[in-house]
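Welcome! Here is a short briefing to read with the model open beside you. Take it one topic at a time.

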Amino acid sequence: MHLPTPSAPAPALATNAQPREYWFGLPALRTSARSARDTVRDRLRAWEVPGDTCCDAVLLVSELTTNAVLHTGSGRVLCGLTLTGDERRLRIELHDEGRVPVHPTAHRAGPGEENGRGLFLVQQLADRWGSARSTRAEGKVVWAELTAHP
């Protein structure tokens with residue numbers, strides 16, 4: 001896995017002002033979801049992203065990291081945050097090294113199941129989300145976008 005160049009903006013977030021970007025990699029371990037949450041929370045607070053958006057972003061990155069760790073067979077994951085120059089949109093990307101399908105299936109968890117609600121939460125929280133073949137890792141990227149409410 002290679003780290004992206006800092007000047008590579010997320011194409012879906014083009015604005016006149018320069019976006020802010022932050023990238024970090026983590027080993028694909030169960031404990032990495034907590035590290036991802038802490039890192040995202042710290043970065044978004046430094047960027048002064050509103051509290052509700054920050055909380056939603058932390059939950060989204062936790063779910064995306066957990067899915068990558070549990071279901072892709074990756075050795076590492078790469079997480080990216082992009083805040084538009086006008087600070088109205090936040091994009092979260094999670095790149096993996098897995099060979100699983102580019103379009104993850106949304107599993108409907110039954111009432112007695114402990115797992116299986118991650119992508120449902122992503123669908124409910126994000127304004128938009130999707131997946132594609134990664135240009136930064138050997139697997140895919142799952143991304144989610146939020147509106148940064150004041």
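Predicted model: local features only at pLDDT ≥ 70, side-chain atom pairs only at ≥ 80, totals over all residues.

The protein chain contains three helices and five strands, and along the sequence they follow the pattern β-α-α-β-β-α-β-β.

**The chain as a whole**

- The protein chain has 150 residues, and 43% of them count as buried.
- Among the contacts in the protein chain with a separation of 6 or more, 67% come from residues 24 or more positions apart.

**The helix pair H1 and H2**

- Helix H1 covers residues 32–46 and helix H2 covers residues 51–71; their axes lie 9 Å apart, at an angle of about 155 degrees.
- Because angles over 145 degrees count as roughly antiparallel, H1 is roughly antiparallel to H2.
- By the definition given above, the crossing of H1 and H2 is right-handed.
- On the H1 side, the residues that meet H2 are Ser32, Ala33, Ala36, Arg37, Val40, Arg41 and Leu44. Their counterparts in H2 are Cys54, Ala57, Val58, Val61, Ser62, Thr65 and Thr66.
- The residues of this contact of H1 with H2 include eight nonpolar, four polar and two charged ones.

**The sheet**

- The five strands form an open sheet in the order S1-S2-S3-S5-S4, with antiparallel pairing.
- Strand S1 (20–27) and S4 sit at the edges with a single partner strand each, so one side of each has no neighbour in the sheet.
- On average, neighbouring strands of this sheet are turned by 15 degrees against each other, ignoring direction.
- What holds such strands side by side? Strands of a sheet pair through backbone hydrogen bonds, either parallel or antiparallel.

**Strand pairs, one by one**

- S1 and strand S2 (residues 76–83) run antiparallel and are joined by eight bridges. In this pair, proline 27 stands opposite arginine 76 in S2, while arginine 20 has leucine 83 in S2 as its bridge partner.
- S2 and S3 also pair in the antiparallel sense, over six bridges, and threonine 82 stands opposite arginine 91 in S3.
- The hairpin of S2 and S3 has five residues between the strands, and glutamate 87 takes a positive phi near 60 degrees there.
- Strand S3 (residues 89–95) is joined to S5 by seven bridges and runs antiparallel to it; leucine 90 stands opposite leucine 146 in S5.
- Strand S4 (residues 128–133) and S5 run antiparallel with six bridges between them, and alanine 132 faces valine 141 in S5 as its opposite residue.
- A hairpin of six residues connects S4 to S5.

**Covered strands**

- How many of the eight residues of S2 are buried? Seven are, so S2 is largely enclosed by the rest of the structure.
- Strand S5 (residues 140–147) is mostly covered, with seven of its eight residues buried.

**Helices on the sheet**

- H1 lies across S1, S2 and S3, and runs at about 165 degrees to S1.
- H2 packs on the sheet too, where H2 touches S2, S3 and S5. The direction of H2 makes about 15 degrees with that of S3.

Technical notes
Residues numbered from 1 in each chain as written. Heavy atoms only, no water. Axes fitted to C-alpha atoms, helices over the stretch in contact; angles between N-to-C directions. Helix = DSSP H or I, 4+ residues; strand = E, 2+ residues; numbered from the N terminus. Parallel < 35°, antiparallel > 145°, perpendicular 65-115°, else oblique. Left-handed = near helix turned anticlockwise from the far one by under 90°. Contact = heavy atoms within 4.5 Å. Nonpolar A, V, L, I, M, F, W, Y, C, P; charged D, E, K, R; others polar. Buried < 20%, exposed > 50% of the residue type's maximum accessible area, 1.4 Å probe, protein only. Pairing = 2+ DSSP bridges.
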